[in-house]
Amino acid sequence: ETGVTQSPTHLIKTRGQQVTLRCSSQSGHNTVSWYQQALGQGPQFIFQYYREEENGRGNFPPRFSGLQFPNYSSELNVNALELDDSALYLCASSSKSSGGLGYFGPGTRLTVL
Amino acid sequence: KNEVEQSPQNLTAQEGEFITINCSYSVGISALHWLQQHPGGGIVSLFMLSSGKKKHGRLIATINIQEKHSSLHITASHPRDSAVYICAVASWSSGGGADGLTFGKGTHLIIQP
């Protein structure tokens, strides 16, 4: 079991609402990546934060935004929710000392109605 | 953009059988990860490889950088090995930022008693 936690575990929202998902990283890890996994698909990279700055971004619109805090925990914010945003959202923490090996959290399952 | 292909997509085997799952990718990488995802979504990192071979218990992972191919083997398979196994590759953008991981769609493995 890793030290990466995510909250909440499940969330139901309606179209147009905003949501904030949270991730606490493994102790000593300074990099957090967020992924979206639609049902039956592999995860897709959303963005990565390194030392509180965005360090890479996948093909997601600006309504997907994030933050990383001084303790390296992170938030994923999604504005103007759409039905297609329904997915499992995974975060993974890593560091150079871990050799880039990411430790994944259990995920937050978001349902948009 | 790296394309990651896994095969087979689905695999059902009897307890005790030797299992092989394959992964191929299209562009040079810095590392390849093998991940295990159980129902409910939690992802566990099994291996990270940049060359050669790694072994952990009944699991063996190999990578051939020249052929852009990796395999995950399970010896003496057991019903508790039933899960989705995902291959993911790490690469770096030309700007030095992080592209995160590119995931395969996963191999759904069922081991029957």
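Which residue in β11(A) is the bridge partner of Ala87(A)? The bridge partner of Ala87(A) in that strand is Leu110(A).

This briefing concerns a predicted model, in which local features need pLDDT of at least 70, side-chain atom pairs count only at pLDDT 80 or more, and totals for chains, interfaces and linings use all residues. Residues are numbered from 1 along each chain as its sequence is written, chains are lettered from A and ligands numbered from 1 in the order in which they are written, and side-chain values use heavy atoms, with hydrogens and water left out.

**Strands and sheets of chain A**

- Strands here are DSSP runs of E with at least two residues, numbered from the N terminus, and two strands pair if DSSP finds at least two bridges between them.
- An open sheet of chain A holds four strands in the order β1-β3-β8-β7, with antiparallel pairing.
- The edges of this sheet are β1 (5–7) and β7 (64–68) of chain A; each has a single partner strand, so one side of each is left without a neighbour in the sheet.
- On average, neighbouring strands of this sheet are turned by 20 degrees against each other, direction ignored; the axes behind this angle are lines fitted to C-alpha atoms, and angles run from 0 to 180 degrees between N-to-C directions.
- Within the sheet, β3 (residues 19–24) and β8 (residues 74–78) of chain A pair in the antiparallel sense over five bridges, and Arg22(A) of chain A has Glu75(A) in β8(A) opposite.

**Strand β11 of chain A**

- β11(A) runs parallel to β2(A), with four bridges joining the two; Ile12(A) stands opposite Thr111(A) in β11(A).
- β11(A) is also joined to β9(A) by three bridges, and these two strands run antiparallel.
- Buried means under 20% relative accessible area, exposed means over 50%, and partly exposed lies in between (1.4 Å probe, protein chains only).

**Nonpolar cores**

- A nonpolar core is a set of buried Ala, Val, Leu, Ile, Met, Phe, Trp, Tyr and Cys residues joined through side-chain atoms within 4.5 Å.
- The largest such core has 22 residues, and those with the most contacts inside it are Ile19(B), Tyr25(B), Leu32(B), Trp34(B), Leu72(B) and Tyr85(B).
- Elements of chain B that give two or more residues to this core include β3 (19–25), β4 (31–37) and β9 (83–92).
- Apart from it lies another core, of 20 residues, among them Cys23(A), Phe60(A), Leu110(A) and Val112(A).
- Leu32(B) touches residues that include Cys23(B), Tyr25(B), Phe47(B) and Ile63(B), not counting residues up to four places away in sequence; contact means heavy atoms within 4.5 Å.

**Salt bridges**

- A salt bridge is a side-chain nitrogen of Lys or Arg within 4 Å of a carboxyl oxygen of Asp or Glu, and a search of the whole structure finds five of them over all chains.
- Asp85(A) and Arg63(A) meet through their side chains in a salt bridge (2.8 Å, N to O).
- Asp85(A) lies in the loop between β8 and β9 (87–94) of chain A and Arg63(A) in the loop between β6 (53–57) and β7 of chain A, so the pair ties together parts that are 22 residues apart in sequence.
- Both Asp85(A) and Arg63(A) are buried, and a network of salt bridges links Arg63(A), Glu82(A) and Asp85(A).
- In chain B, the side chains of Arg58(B) and Asp81(B) form a salt bridge (2.9 Å, N to O).
- Arg58(B) is partly exposed at 25% relative accessibility, while Asp81(B) is buried, with a relative accessible area of 6%.
- Glu54(A) and Arg57(A) form a further salt bridge, their closest N and O atoms being 3.3 Å apart.

**Interface of chains A and B**

- In this interface, 21 residues of chain A are in contact with 19 residues of chain B.
- About 1400 Å² is buried between chain A and chain B, and carbon and sulfur atoms give 57% of that area; buried area is the accessible area (1.4 Å probe) that two parts lose on being put together, summed over both.
- Zero salt bridges are found by the rule across the interface of chain A and chain B.
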